[in-house]
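Subject: Structure handover

Hi,

Here is the structure for you to open. My notes follow below it.

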Amino acid sequence: MAEMVATFPKKYGRVPHLVVVRVGEDPASVVYVRNKAKACDAVGIKNTTIVKDENISEEELLNLIKELNVDHTVDGVLVQLPLPKHISEAKVIETIDKNKDVDGFHPLNVAGLWQKTPHMEPCTPKGIMYLLREIGIDLKGKRAVVIGRSNIVGLPVAKMLLDANATVTQCHTRTVDLPSITRQADILVVAAGKAKMVTGDMVSDGVVVIDVGMDRDPETGKLCGDVDFDTVSSKASAITPVPGGVGPMTIACLMQNTIDCFLLNQTIKA
Ligand code: NAD
């Protein structure tokens with residue numbers, strides 16, 4: 001990616017520019033936003049972090065986004081979630097120009113995923129699909145089980161797996177007898193946000209496991225995933241670790257989306 005970005009100043013007169021807006025001092029958001037800036041620096045993408053007080057009004061935040069939307073020096077706009085309760089996340093997401101929506105959360109980008117029309121893909125599901133390709137698994141006809149149905153991870157990744165011709169089962173908090181379903185999985189994607197909820201007795205030999213969770217181990221306080229790595233890894237043919245695995249791939253996809261928005265904006269201007 002860095003080599004590609006290095007060619008842009010000569011071709012287009014500048015490098016891509018990502019603006020990340022953080023509202024408040026949520027400790028996890030501080031770390032996530034810092035990591036995004038570091039990744040931009042590594043790839044050569046110009047990046048600006050705008051920090052706003054947690055008491056910023058919804059109107060002020062929406063106005064800031066509108067300014068960034070019309071700023072031709074800005075290619076990608078990302079507002080770090082979650083936001084304080086008095087600000088509607090839906091309104092914020094809708095306000096970001098869909099062609100600068102590097103997160104792929106805008107309703108028109110979501111619609112594009114479901115209707116198979118051009119769209120910005122959400123970073124984490126896109127990263128999961130990259131990881132599956134890297135592992136080298138042919139998804140056609142495989143039984144994929146996704147735990148979680150959030151708009152950010154579970155729903156889009158299930159759709160992408162379906163489009164890749166896997167047979168997909170989606171599980172959630174109302175799912176009855178989860179282990180009987182997870183044991184049937186050739187591919188298991190876990191995005192529940194529950195530390196170590198998937199244990200070795202819930203999977204079959206040879207399963208490919210993608211652990212999306214970013215949790216804290218209740219005993220050690222250390223970062224861990226939704227999968228109990230020790231008991232599951234002995235049965236899995238491939239498993240993504242936490243930390244590592246999906247997290248870094250999500251950031252890589254954010255960099256790719258920023259480049260894609262930059263290139264799209266060059267085409268629109270031409
Ligand atoms: P969410 O809370 O919006 O959704 C969780 C989903 O899991 C829900 O659909 C719920 O029905 C399901 N679920 C919860 N407990 C369950 C249970 N016991 N059995 C079956 N289903 C259950 O969370 P999210 O935003 O989708 O994130 C999920 C996890 O992934 C979190 O740990 C989050 O931090 C992590 N995450 C990681 C990345 C990354 O880049 N690595 C990106 C996004 C989210």
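**Salt bridge and domain contact**

Asp 260 and Lys 126 form a salt bridge, with their closest N and O atoms 3.9 Å apart. (A salt bridge here is a side-chain nitrogen of Lys or Arg within 4 Å of a carboxyl oxygen of Asp or Glu.) Two salt bridges are counted between domain 1 and domain 2.

Some ground rules. This is a predicted model: local features need pLDDT of at least 70, side-chain atom pairs count only at pLDDT 80 or more, and totals for chains, interfaces and linings use all residues. Residues are numbered from 1 along each chain as its sequence is written, and side-chain values use heavy atoms, with hydrogens and water left out.

**The two domains**

Domain 1 covers 2-116 + 248-269, and domain 2 covers 123-246. The bounds come from an automatic or database domain assignment. Their centres, taken over C-alpha atoms, are 27 Å apart. Domain 1 puts 15 residues into the contact and domain 2 puts in 17. (Contact means heavy atoms within 4.5 Å.)

Together the domains bury about 1,400 Å², with 69% of that on carbon and sulfur atoms. (Buried area is the accessible area, 1.4 Å probe, that two parts lose on being put together, summed over both.)

Five residue pairs are in polar contact between domain 1 and domain 2, both residues at pLDDT 80 or more. (A polar contact is a pair of N or O atoms within 3.5 Å; within protein, one must be able to donate a hydrogen and the other to accept it, and residues adjacent in sequence count only if both atoms are side-chain atoms.) On the side of domain 1 that touches domain 2, α6 (107-115) and α11 (246-269) each supply at least two residues. α11 gives the most, with eight residues. (Helices are DSSP runs of H or I, at least four residues, and strands are runs of E, at least two, numbered from the N terminus.)

**Asn 109**

Asn 109 lies in helix α6. Asn 109 counts as buried because its relative accessibility is 4%. (Buried means under 20% relative accessible area, exposed over 50%, partly exposed in between, with a 1.4 Å probe and protein chains only.) Its side chain makes a polar contact of 2.8 Å with that of Asp 101.

**Helix α8**

Helix α8 (residues 154-163) is mostly covered, with seven of its 10 residues buried. Among them are Val 157, Lys 159 and Leu 161. The cover includes α6, α7 (123-135) and the strands β4 (143-147), β5 (167-171) and β6 (187-190). Asn 165 follows α8 and has a positive phi, near 70°.

Best wishes
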